[in-house]
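Visitor: I am new to this structure and would be grateful for a guided introduction.

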Amino acid sequence: MAIIQEQVSAKMLGRVFSLYFSIAILPSMIGLLFTGFIADAIGVATAFIIAGFIVVLVGLLSFFNGSIMALERKKG
């Protein structure tokens with residue numbers, strides 16, 4: 001969110017957030033459809049542990065992504 005707020009002009013921010021959340025909700029709904037089946041197959045605790053590792057992995061990949069880290073340098 002902070003990256004979007006810093007990179008998009010204030011006049012366009014509402015439209016950008018609307019589009020962003022519309023696109024972001026679709027994979028969430030698809031994921032929720034399959035979460036019950038996955039939890040039944042491997043167990044609820046295991047599903048939460050795997051999901052936690054995936055979140056950490058995405059965070060680390062984002063942190064080490066040069067283009068994301070360079071956004072602030074490009075602006076200033």
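Predicted model: local features only at pLDDT ≥ 70, side-chain atom pairs only at ≥ 80, totals over all residues.

Visitor: Which element of the chain has the highest mean pLDDT?
Guide: The chain averages a pLDDT of 86, and 95% of the residues score at least 70. Among the elements, helix α5 (residues 71-75) has the lowest mean, 65. The highest mean, 92, belongs to helix α3 (residues 44-63).

Visitor: Which helix supplies the largest share of the lining of the largest pocket?
Guide: This pocket holds about 180 Å³ of space. Its lining includes Thr-35, Ile-38, Phe-48 and Ile-54. Both α2 (13-42) and α3 contribute at least two residues each. The largest share, 6 residues, comes from α3.

Visitor: How many residues of that lining are nonpolar?
Guide: Among the lining residues are Ile-42, Val-44 and Ala-47. The lining has no charged residues and 1 polar residue, and the nonpolar ones number 9.

Visitor: What is the geometry of the pair formed by Phe-63 and Phe-64?
Guide: The model has 3 aromatic pairs. One of them joins Tyr-20 and Phe-21, with 5.4 Å centre to centre and 70° between the planes, and is edge-to-face. For Phe-63 and Phe-64, the ring centres are 5.2 Å apart. Their planes stand at 80°, and planes over 60 degrees apart count as edge-to-face, so this pair is edge-to-face.

Visitor: Is Phe-64 buried or exposed?
Guide: Phe-63 has 48% relative accessibility and counts as partly exposed. For Phe-64 the relative accessible area is 63%. Because exposed means over 50%, Phe-64 is exposed.

Technical notes
Residues numbered from 1 in each chain as written. Heavy atoms only, no water. pLDDT = per-residue confidence, 0-100. Helix = DSSP H or I, 4+ residues; strand = E, 2+ residues; numbered from the N terminus. 1 Å grid on protein atoms, 1.4 Å probe; cavity = no way out; pocket = protein on both sides within 12 Å on 5 of 7 lines; lining within 4 Å. Points joined across faces, edges and corners; volume = space filled by probe spheres on them. Nonpolar A, V, L, I, M, F, W, Y, C, P; charged D, E, K, R; others polar. Phe/Tyr/Trp six-rings, centres within 6.5 Å; stacked < 30°, edge-to-face > 60°. Buried < 20%, exposed > 50% of the residue type's maximum accessible area, 1.4 Å probe, protein only.
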